[in-house]
Amino acid sequence: MSATETHVERPTAPAPGGGGDKKKQPSGLMTLLTSNAARSSLTPLVFLAVFTYYGIWLGGTFLNVDARMLDVHQNVPVILVGLAVMVSLLGGHFDLSAAATTSLTTFLAIGLSTKNGMPFILSLVVCVVAGIIVGLVNGILVVRFRMNSFIATLGTSGAVLGVSNVYSGGTQLVPDPAGPQLPGWFVGAGSMGSFQEKVPLAVTVVAAVVLAVLVLRGLVNRRPERFTAQAWYGVLGALVVVVALVYVALDGTTLLRSFSWTIAVMVVVAILLRVALRSTVFGRNLQATGSNSEAARLAGVKTDRTTVASFVIGGAIAAVAGVILAAGQGAASPDGAATFALPAFGAAFLSTVIFSNGRYTVPGSIAGGIFVVWVSQGLIVGGVPFTWSSIVNGLVLVAAVAISTASTRSR
Amino acid sequence: MIAEEGGAATLDSSSRHLAGAPSLRVSSLRKSFGSNEVLGGIDLLIEPGEFVGLMGANGAGKSTLIKILAGLYTRSSGDIQVGGRSVSSLAESSEVAFIHQDLGLVDDMTILENLMLGRKVGRGGVLMDRGAERAEAERALSFVKLDHSASTLVRELSPGEKALVAIARSMGEGASLLFVDEATSTLPPAEASQVLEALADVVKRGGTVVMVTHKLSEILDSTGRIVMLIDGQVAADRSTTNLDRAALVELLASHDQAGSAASERGRPHPVGDQAIVTATGVSGGKLSGMSLGLRRGEVLGVTGVPGSGLYDLAFLMHGLQRPSRGTVSADPGIKRALVPPHRETQGGFNNLHVKDNIGISALHRWRRRDRLIDAGREKRESLKLIQDLDVRPLSLAASFGTLSGGNKQKVVFGRVLADDPDVLVLCEPTRGVDVQTRAALYELILDLRDAGKAVLIVTSDAEDLFAVCDQVSVVADGELGSFKPVNTLTTEDMEALL
């Protein structure tokens, strides 16, 4: 395999602090520290440090699996919107209408069956179709009318919010206690929207094992060229041991017991999206279009069709986010998803610096979304008023992306 | 570097002779990326008034050297001295300017605004002094021969004229030592010679020019000294007097184990009877009334001045561009592939891996029954392609953007080959690549022809026509001339046409 190691390009950064005048070759340790792998794990490490600090400062009130999983549960709609905007970002376009789509479908999921007498399952289908239509409009505006996606989706965002305002009369929508109700499996205690209702342990264990095997198999195939096969198996073996130790030390079974159905929906959407983006022709075409659409077109990629599809998929995911929000709250309010845009785009952008060298990834978006929530939640647990969380969100986002970008900048 | 120098430079606006250029001394300069040494101890002394041509194969370290001098990369060890002072790079020296391949001009601004970018001349305060700016722009433009008013948008200039503006800007800022990185490599001959003339003029006035180039004729005709890098070392450093073309080729090829250039054009090969792609009475873009048929086993060459509809012809025959009149018909099941003319902007995906660049047109071939891409097969077949094409580094995980020009071109060819097309439309196949890569690409094109592919080469480089084409023609003013067997033409014929 040595033939493939002749030329490791991707120049690595020199040692910080003007290593330029050093007379010797960089040491092995230095090479490792400045490698892409190390740089792409800088952001996760910074988050880990913050959480460790929280753990020491706040102890059990922060390091509490149930409480932290509740944070995740409550933020599933935001994270899903993050995935929605990530799809079009991958293709080089902004979708500012995703949060508005989520608002609209929250109203539709609550209202169509309770107010308009539509069968509930059908109303869920209508929600997803609504998301697809918004995506289609966005895509056509960008592709056919050559509009800048920023302004096009800002426009559709306004229109979509307007539609949900008209539908709701501009107020909160709560099912009339005297009228038809939402099904018990959807909202309220004991439903999929409730955090108390967990996926059975057997299911999560099987899913976790299957996922672990798939990830491991993926890692085996993605051996960096400077590792020999043997060394790489060694690294992976060590990784398995570390994960197992962490599992035992941190009582991973408790974690596996605390997956609500809402979180399960997010995981399923994420897995489907990851497969679609990485292992289908569409996903690769989207990535190429986002990287250089002219080159992609000349290489035979149907860039217009790909771009429209990315908006449609984003719209559908944003619609699912609205349904999940409805399930969690049992009611819809005009400002329900209004604050989603910042943390959603934040999650998507963080994915470019979480175990990734500048590319949007699905696992990174989810991790980024969860990390930011935990950072602000820790402050709230520590006594900072929750009204500050928006400031914290913004600062964390800017700081994390700045640190990571700075570390990848120098050569 | 730019901001504060404007005032000082205007002082000698009457004098067209440059103040003495500084000498540059580079000693034992080394650079490693990780464990990979790219420059292995470069020693170089460049005196004022020299015109130096810097040559070397793709990946030999030319660009790395320039980038270190420009302060974009940090050296691993070694010393750089300007006019006797040790410096970490030349970025802060006002006497030194770098002109990169992309020139760094803003298309949507006028020549004047481009010349004044980042500078402030005339009276103090926050407002611009229009009069002083105009005078300063005129002074800068006096260094080159440009027939445009300073209020012309840069967008409207030809690529060669843009290069002249870039030179004028550097000179206007008071530079006397110019580094020019392949600014001529993508220019048609007539425009390239304009640029070379301007550079020679700089040298005549006492300035120093270091020019990176792949073109042998530029080294021979313009420069006074050649420095050749091979594998990060100075392999040759000599005056160009008494150096003829043959000697230079020998010097360049001395390191090339593969050796032979494509000289087997004449080897017999069967040509299909029927055209598999036929254009009849086609108009589109700047082209009108074109008829053309591509046959298996034949290499057609078309040349002409860019802007004459040359690339329209390529896009029409490939099927990417729809004709406004007439039809382009291809036999059923015929696959057509394209190498686009502008590699840097149209060639590939800079932030994606080589693997993703190679595979983008062929992904559907690697799909399994479940419609997902077979990652193992993708990797195996992509690796085989870059091995066959001898792409350096031989790594599927390298970012396309970090490759040298010639290796990028090989990857673009790899992408075309991955889908196993029947028809190949190759625009500027050897633009900006070194001698070895050029020979390898010619060899590849002949192999494809012998394998029964139909090949259409659309190029502004006459050498492409002579190396591999069976029949050639010229596009002028949107009209395609008649095809003639290449062996009935002479170099003079073609040069007269261009």
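**Reading cores and helix packing in a predicted model**

In this predicted model, Leu80(A) is in contact with Met266(A), Val269(A), Ile317(A), Val320(A), Ala321(A) and Ile324(A), leaving aside its neighbours within four places in sequence.

Q: How many residues does the largest nonpolar core have, and which of them have the most contacts inside it?
A: In soluble globular proteins, nonpolar side chains tend to be buried together. Here the largest nonpolar core has 85 residues. Those with the most contacts inside this core are Leu80(A), Val81(A), Ala84(A), Ile317(A) and Ala344(A). Helix α14 (residues 303-329) of chain A supplies its largest share, 16 residues. Apart from this core lies another, of 78 residues, including Leu298(A), Ile276(B), Val354(B) and Ala398(B).

Q: At what angle do helices α15 and α16 of chain A pack?
A: Two packed helices are described by the angle between their axes and the distance between the axes. Helix α15 (residues 341-350) and helix α16 (residues 362-381), both of chain A, pack at about 125°, and their axes are 7 Å apart. The two are therefore oblique to each other. The crossing of α15(A) past α16(A) is right-handed.

Q: Which residues make that contact?
A: From α15(A) come Pro343(A), Gly346(A), Ala347(A), Ala348(A) and Leu350(A); from α16(A) come Gly364(A), Ser365(A), Gly368(A), Gly369(A) and Val372(A). By class, five residues are nonpolar, five are polar and none is charged.

Q: Why is helix α2 of chain B described as largely enclosed by the rest of the structure?
A: Seven of the eight residues of α2(B) (residues 62-69) are buried, so the helix is largely enclosed. The buried residues are Lys62(B), Ser63(B), Thr64(B), Leu65(B), Ile66(B), Ile68(B) and Leu69(B). Gly71(B), which follows α2(B), has a positive phi, near 85°.

Definitions and conventions. Residues are numbered from 1 along each chain as its sequence is written. Chains are lettered from A and ligands numbered from 1 in the order in which they are written. This is a predicted model: local features need pLDDT of at least 70, side-chain atom pairs count only at pLDDT 80 or more; totals for chains, interfaces and linings use all residues. Axes are lines fitted to C-alpha atoms, for helices over the stretch in contact, and angles run from 0 to 180 degrees between N-to-C directions. Helices (H or I, at least four residues) and strands (E, at least two) are DSSP runs, numbered from the N terminus. Angles under 35 degrees count as roughly parallel, over 145 as roughly antiparallel, 65 to 115 as roughly perpendicular and the rest as oblique. A crossing is left-handed if the near helix is turned anticlockwise from the far one by less than a right angle, and right-handed if clockwise. Two residues are in contact if their C-beta atoms, placed from the backbone, lie within 7 Å. Ala, Val, Leu, Ile, Met, Phe, Trp, Tyr, Cys and Pro count as nonpolar, Asp, Glu, Lys and Arg as charged, and the others, Gly among them, as polar. A nonpolar core is a set of buried Ala, Val, Leu, Ile, Met, Phe, Trp, Tyr and Cys residues joined through C-beta atoms within 7 Å. A residue is buried if 20 or more other C-beta atoms lie within 10 Å of its own, exposed if 12 or fewer, and partly exposed in between; C-beta atoms are placed from the backbone.
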